[in-house]
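Here's a quick briefing for anyone meeting this structure for the first time. Have a look around, then come back for a short tour.

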Amino acid sequence: MNTTTSTTEKLSPVELQFMADTVAGLKASPKFMQSKYFYDAHGDRLFQQIMDMDEYYLTNAEMDILKTYSEEIAKLISAENTAFDLIELGAGDATKSIHLLRALVARELEFSYLPVDISAHVIGDLEDNLPRQLPSLDIKGLNGDYLNMLGKVSSFSGRRKVVLFMGANIGNMNADQAVKFCAELKMSLSKGDLLIIGFDLKKDPRQILAAYNDAAGITRAFNLNLLERINRELDGDFNLGDFEHYATYDPGTGSCKSYLISLTDQLVHIGENETIQFSAHEPIFMEISQKYSIEEIEALAAGSGFRCQQHFFDENNYFADSIWLVDEHSAQLP
């Protein structure tokens, strides 16, 4: 009797989805990866290093907004004086949002903090660390897809919702995807709910490109780590030395894109049954980091069924955190 266990039989449901998405992307033309899979434990650590880079201005810019305006944002959130759920999509380590959490806790408001992240490692760290800094904080982490977890919260809580979608995470979608995502998000919300959403603003193209093509090569390592994750979790045999990181920025469209370029003709195997063929110089599209003007932000809000209330800017006008409201005049998802 054959008792050999295949690669797929050893995979968890999450890993099976990772396998399916990876194979589908690498067999597509052109090839692509889903950026949500960057964030395993090592990817989380590399992204922390990226946020500390001199070239990566985004973190400091949004941190400036939260340090400066958290009291004012907390005042807007608490205007209705009702209990609410504060749901942060892609919470990361909460080093920025903790300023808002402190301001809300100081007002002695009745709320729960529900951080959502695709990385179980991130959620575990938040549930361990935040109660030490804010002992009175009611926190419950949710590990999974943004919209699925938002729907889950809506199913067990009828309280008002305040959704945080910060760190320019909306920039990881192209224009059509962003409208669709925001419209779907809005459909999970009710009249009076708020969305606080972060945008990296259009600026000097050289400054933008440097943030994704740093001198120390940390962004390169972050992209290559996804291939290493495939090797480790899906029994792949990528040779990382056969791929190189390449970033490009189009100031006309505001699209900054990252690729891994195959340096040679090669075959890569994933698991026991999947073989991917690469030609020399063939790209794998890894990630988009879309940049916005204020006019484009307000058009996105209107086009996805929100009413834009206010923008908060850092001192250099590099970044904007925008407050969007769901009200009776909001459009419905087409």
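Which residues gather in a patch of negative charge on the surface? They are Glu 9, Asp 235, Asp 237 and Glu 272. Keep in mind that this is a predicted model. The points below start with that patch, then move on to a pocket, a salt bridge and some backbone details.

**The negative patch**
- Glu 272, one of the patch residues, sits in the loop that runs between β9 (266-270) and β10 (274-278).
- Asp 235, also in the patch, belongs to the loop between α9 and β7 (243-250).

**The second largest pocket**
- This pocket holds about 400 Å³ of space.
- Its lining is made up of 20 residues, and the ones closest to the centre are Val 14, Tyr 37, Ile 118, Asn 143 and Arg 229.
- Three elements, α1 (13-27), α5 (120-133) and α9 (218-234), each give two or more residues to the lining.
- Helix α1 gives the most, with four residues.

**Salt bridges**
- Side chains of opposite charge can pair up when their charged atoms come close.
- You'll find 17 salt bridges in the structure.
- One of them joins Glu 274 to Lys 27, with 2.6 Å between the closest N and O atoms.
- Glu 274 is in strand β10 and Lys 27 is in helix α1, so this pair ties together parts that lie 247 residues apart in sequence.

**Backbone details**
- Most residues other than glycine have a negative phi, and most peptide bonds are trans.
- Asp 235 is not a glycine, yet it has a positive phi of about 60°.
- Between Ser 29 and Pro 30 the peptide bond is cis, with omega near 0°.
- Pro 30 itself is in the loop between α1 and β1 (31-32).

Technical notes. Residues numbered from 1 in each chain as written. Predicted model: local features only at pLDDT ≥ 70, side-chain atom pairs only at ≥ 80, totals over all residues. Heavy atoms only, no water. Patch = residues over 30% accessible without salt bridge, like charges linked within 9 Å, V, L, I, M, F, W, Y side chains within 5 Å. Areas by Shrake-Rupley, 256 points an atom, 1.4 Å probe, with all protein chains shown as cover. Salt bridge = Lys/Arg side-chain N within 4 Å of Asp/Glu carboxyl O. Lys, Arg positive; Asp, Glu negative; His and termini not counted. Charge placed at Lys NZ, Arg CZ, Asp CG, Glu CD. 1 Å grid on protein atoms, 1.4 Å probe; cavity = no way out; pocket = protein on both sides within 12 Å on 5 of 7 lines; lining within 4 Å. Points joined across faces, edges and corners; volume = space filled by probe spheres on them.
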